[in-house]
Amino acid sequence: MRALARSLRQVRYLSQLRGGVLSLNGLGENEKRPILCNPAACSLIKHSYDKEFRRYLNQSLVLWRALSTTEANEATGAVGRAGPLLEYERRTTSGELVDGDSCQVDTLRVLQRLYEQLIEHEDSCQLDRYKASEKNGRRRWLWSRLIPQSSYSPVKGLYLYGGVGTGKTMLMDLFYDQLPCNWRKKRIHFHDFMLSVHSRLQMHKGVADPLEVVAGEISDESILLCLDEFMVTDVADALILNRLFQHLFSKGVVLVSTSNRAPDQLYEGGLQRDLFLPFIETLKERCVVHEIGSSTDYRTLGSAGQGFYFVGKVYSELLKQKFYELIGQEIPGPQVVEVVMGRQLQVPRGANGCAYFPFEDLCDRPLGAADYSGLFKKFHTLAMDGVPKFALHNRTAAYRFVTLVDVMYENRARLLCTAEASPVELFERIVTVADAQKISPRTSSRSQKRDDIDLCVDNVLGFAKDRTISRLTEMNSKEYLEQHEANLQDKASQIVHEKSEAIQT
Ligand SMILES: Nc1ncnc2c1ncn2[C@@H]1O[C@H](COP(=O)(O)OP(=O)(O)OP(=O)(O)O)[C@@H](O)[C@H]1O
């Protein structure tokens, strides 16, 4: 079935490249079905110099005859499925998901509505990749550069926020997977999205309005943008978000996003926040804002700890032993890896996809999400020694640790570590302003020394810590480690597949 899907997609793609010489065989132009060539087109193609294309075409024709239209539609992903609500019901009935949370069902209703609106407005939103590429001819491109185009989407996006582990990402992914594969859609973590924005900006240095060019590129690729974990902590991001999204929305982009913070709380307490505030208004204008409203952290429903989270420095040697067992060799040497935009990172010990770092080397140095993302593109397992308790004196390291855990979780990476305390205790001395006021109603400054407590009052960290605790707990569970293994196997078979395809061609 996969081979068929690939062949048909290829045929359809190539037909676009050849100016649409292929047409649907007996089907209306606008029907969402995979293409088949008509005899005239066949004879054109038969004389094509492109051997590879002829091979695909023949394969597709043979396979096509053996299949019903429905199967072929499913195979090519040309049509969507029943929608997130039905799919959720299917998964709860089959036992894949736990049932009974009305907040998740309410959220699904909102997602289902959005799903239906997008299906209804597929054409006006130009969601279909192939139709859009027909319209995105060179003439249209030139015209749009001469006269700036403004075409807000008729469909509002969704900003979904709420407590940690309540299933926001899972629901967004479920919604995303139900939409047709041939749509211009993208699902990406917010960190990675901003990284790609900054690297594109670098490439367009010197252009009059690089943000508009970048927005143009992004919207050409994806009209539906699903961003996981919208979280603004970086002043450089905060200052460009409004203009970036104004351009994106004016180019028809529909944003669907998950976050732990309500729009009004984004970048709370951040530097130059007044310059960020217009973004909040832009966001509210273009997205329906929905709070999931649940307080169930589904991560805590998983199996008890099975992983490698050791409390106490005494376990440092054990950590090293486990690390050597995983890589299958004694004391590997240091490695230098390129992480992002030519930047290099020294891995103190690394081999076979596993890296070993003392905590300080990874979280007490000027590293950020970009470096961590680059690192986990190369390594699937991290052994980290000496995670300390966090407080005011090591607040910056706490920020980095939170980011590191986010990136690892997103990549389904495995963590082995020794820490000074349990995940909850690590963050005991990081509190929000509201928490600090409960401790002492007169607290107004960012920090407060109470006896020997080095309390850190920080709203961004104070809220983010719940997510980190929840994730550290899940990363230690049997289910997570199974997902990590499955992910590794998927990647390995993808590499084998790509290699065999490269050999064939
Ligand atoms: N109904 C459910 N049944 C079973 N597992 C669930 C259910 N909802 C969520 N989960 C699981 O709980 C974990 C946390 O869910 P998810 O990552 O979607 O939460 P989140 O709200 O995005 O969390 P965070 O705010 O920390 O990013 C995931 O492993 C997810 O698969």
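Visitor: In β10, which residue is the bridge partner of G350?

Guide: Keep in mind that this is a predicted model. Strand β9 is joined to strand β10, residues 354-358, by 3 bridges, and the two run antiparallel. For G350, the bridge partner in β10 is A355.

Visitor: What is the bridge partner of L224 in β4?

Guide: Look at strand β3, residues 224-228, and strand β4, residues 254-259: they run parallel, with 4 bridges joining them. L224 has its bridge partner in β4, and that residue is V254.

Visitor: Is helix α10 roughly parallel or roughly perpendicular to helix α16?

Guide: Helix α10 covers residues 190-203 and helix α16 covers residues 369-378; their axes come within 10 Å and cross at roughly 105°. Angles of 65 to 115 degrees count as roughly perpendicular. So α10, relative to α16, is roughly perpendicular.

Visitor: How many charged residues are in the contact of α10 with α16?

Guide: From α10, the contact takes H191, D192 and L195, while α16 brings A369, A370 and S373. Sorted by class, there are 3 nonpolar and 2 polar residues, and the number of charged ones is 1.

Visitor: Which helices each supply at least two residues of the shell around the ligand?

Guide: The ligand is surrounded by 19 residues, and the closest are G167, K168, T169, M170 and Y298. Domain 2 (84-291) and domain 3 (304-492) each give at least three residues to the shell. The helices that each supply at least two are α9 (168-178) and α20 (459-475).

Visitor: How many residues of the shell around the ligand are polar?

Guide: Let's go through that shell by class. It has 5 nonpolar residues and 6 charged ones. That leaves the polar residues, and their number is 8.

Note on methods. Residues are numbered from 1 along each chain as its sequence is written. This is a predicted model: local features need pLDDT of at least 70, side-chain atom pairs count only at pLDDT 80 or more; totals for chains, interfaces and linings use all residues. A residue is near a molecule or strand if its C-beta atom, placed from the backbone, lies within 6 Å of it. Ala, Val, Leu, Ile, Met, Phe, Trp, Tyr, Cys and Pro count as nonpolar, Asp, Glu, Lys and Arg as charged, and the others, Gly among them, as polar. Domain bounds come from an automatic or database domain assignment. Two strands pair if DSSP finds at least two bridges between them. Axes are lines fitted to C-alpha atoms, for helices over the stretch in contact, and angles run from 0 to 180 degrees between N-to-C directions. Angles under 35 degrees count as roughly parallel, over 145 as roughly antiparallel, 65 to 115 as roughly perpendicular and the rest as oblique. Two residues are in contact if their C-beta atoms, placed from the backbone, lie within 7 Å.
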